[in-house]
Amino acid sequence: MTDAIKILGSVAEVVKQHLPHVLANRRDVTWKEDGSPVTVADVFLENAIKDHLTGLMGDINFVGEESYAVGAADDKDWTAVLDPIDGTENFCSGLPEWGVSLSIWHKREHAASMLMVPEMGLKLITGDKIEYQTSRIMGFSSSINDKLVEMIPVGGEARIMGCAVYNLFNVVRGSLARFVNPAGAKSWDMLAGVMLAREHGCEVIVEGAPYDGRYLEPDRKHRFDIRHRHDLHPR
C-alpha cells in the first residue's frame, strides 16, 4: 500500500505541473454521443496520468473515462481507475468545482485512492489525516431522476454541485452530512471516493447494501449513498 500511496502523491504532482495547460484548454469542447461534453484537457490529462503510471508500474489494467472500452482486457495484477476531469460541465463552464479521481487496485484488492480538486487546492489520499467538519447539508448528484426529485424536498438543506469528486471529498470530511446518487455513476466517478469514505468511517451504501470495499466493475453504473458519521468524530 505504501508504494501505491507514493505513486498517487507523484500523480498529484503531475496534475499540478500540467494545471496551467489544462486550464488553458477548458474551452476546447466537443460532445460525446450521450450529449455530455469532453474537452481537449480531459484527454490530455488522462494520457499524461496514464503515461506516468505505466512509467512507474509497467503494463497495468488502465480504466480511464475517456479511453475505456467495454470488454477491454483485464488480465494484469495492477489496475488503475481514473476520471481525469470529473465535473467536465463545471470545468468547461469556468467553474472550479471539478476534480481528479484515481484508485489503484492489486489483484482486485484496494491499494490506495486519491481525490483531488486542483483549482481549489484540495487533495485527499489514502492515509491522510484531515480535520472533520460538522454539517447538516445533503448533497445530491446532478444526474436527475425521479428518486432524486422525491428526495430533495425532504432533504432539508440541499446542494447540487455538479461534481462527484467535490461531493465525495466534502462528505468524507463532514462538510456534507450526506451525499446521494440514486441515478448511479461509473466506477471512475466514485470508486476512489467510496474507498476514502470507508477509510474515514462514513456509512457507505452501494446498490442498497453496505459497501464491503469490493472492486466495482467499470461497465455499469452504481447507485450509492454516503453518510458522514459525525458521532465517530467528536469535536
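Which residue in E13 does Arg-178 stand opposite? Arg-178 stands opposite Arg-227 in E13, one pairing within a predicted model in which local features need pLDDT of at least 70 and side-chain atom pairs count only at pLDDT 80 or more, whereas totals for chains, interfaces and linings use all residues. Residues are numbered from 1 along each chain as its sequence is written, and side-chain values use heavy atoms, with hydrogens and water left out. Helices (H or I, at least four residues) and strands (E, at least two) are DSSP runs numbered from the N terminus, and two strands pair if DSSP finds at least two bridges between them.

- Six strands form an open sheet with mixed pairing, in the order E9-E8-E10-E13-E11-E12.
- The edges are held by strand E9 (158-160) and strand E12 (209-210), each with a single partner strand, so one side of each is left without a neighbour in the sheet.
- Within this sheet, E10 and strand E13 (residues 222-227) pair in the antiparallel sense over five bridges.
- H5 packs on the sheet, where it touches strand E8 (138-140), E10 and E13 (contact means heavy atoms within 4.5 Å), and its direction makes about 145 degrees with that of E10; axes are lines fitted to C-alpha atoms, for helices over the stretch in contact, and angles run from 0 to 180 degrees between N-to-C directions.
- H6 also packs on the sheet, touching E10, strand E11 (203-206) and E13, with its direction at about 30 degrees to that of E13.

**Packing of H5 against H6**

- The axes of H5 and H6 lie 9 Å apart and the two helices pack at an angle of about 5 degrees.
- H5 and H6 are therefore roughly parallel to each other, a label given to angles under 35 degrees.
- On the H5 side, Ala-164, Leu-168 and Val-172 meet Asp-189, Met-190, Gly-193, Leu-196 and Ala-197 of H6.
- By class, this contact of H5 with H6 has six nonpolar, one polar and one charged residues, where Ala, Val, Leu, Ile, Met, Phe, Trp, Tyr, Cys and Pro count as nonpolar, Asp, Glu, Lys and Arg as charged, and the others, Gly among them, as polar.

**The five-stranded sheet**

- An open sheet of five strands, with mixed pairing, has the order E3-E4-E5-E6-E7.
- Strand E3 (61-64) and strand E7 (122-125) stand at its edges, each with a single partner strand, so one side of each is left without a neighbour in the sheet.
- E4 and strand E5 (residues 99-106) run antiparallel and are joined by seven bridges, and the bridge partner of Trp-78 in E5 is His-106.
- Helix H2 (residues 40-57) lies across E3, E4 and E5, running at about 155 degrees to E4.

- The largest pocket holds about 840 Å³ of space; on a 1 Å grid over the protein atoms alone, a pocket is an open set of points where a 1.4 Å probe fits, with protein on both sides within 12 Å along at least five of seven lines, and lining residues have an atom within 4 Å of a point.
- Of the 34 residues that line the largest pocket, Asp-34, Ser-36, Glu-65, Ser-143 and Asp-189 are the closest to its centre.
- The lining of the largest pocket divides into eleven nonpolar, eleven polar and twelve charged residues, and E10 provides its largest share, four residues.
- The second largest pocket has a volume of about 210 Å³, a volume being the space filled by probe spheres set on grid points that are joined across faces, edges and corners.

How values were computed. Parallel < 35°, antiparallel > 145°, perpendicular 65-115°, else oblique.
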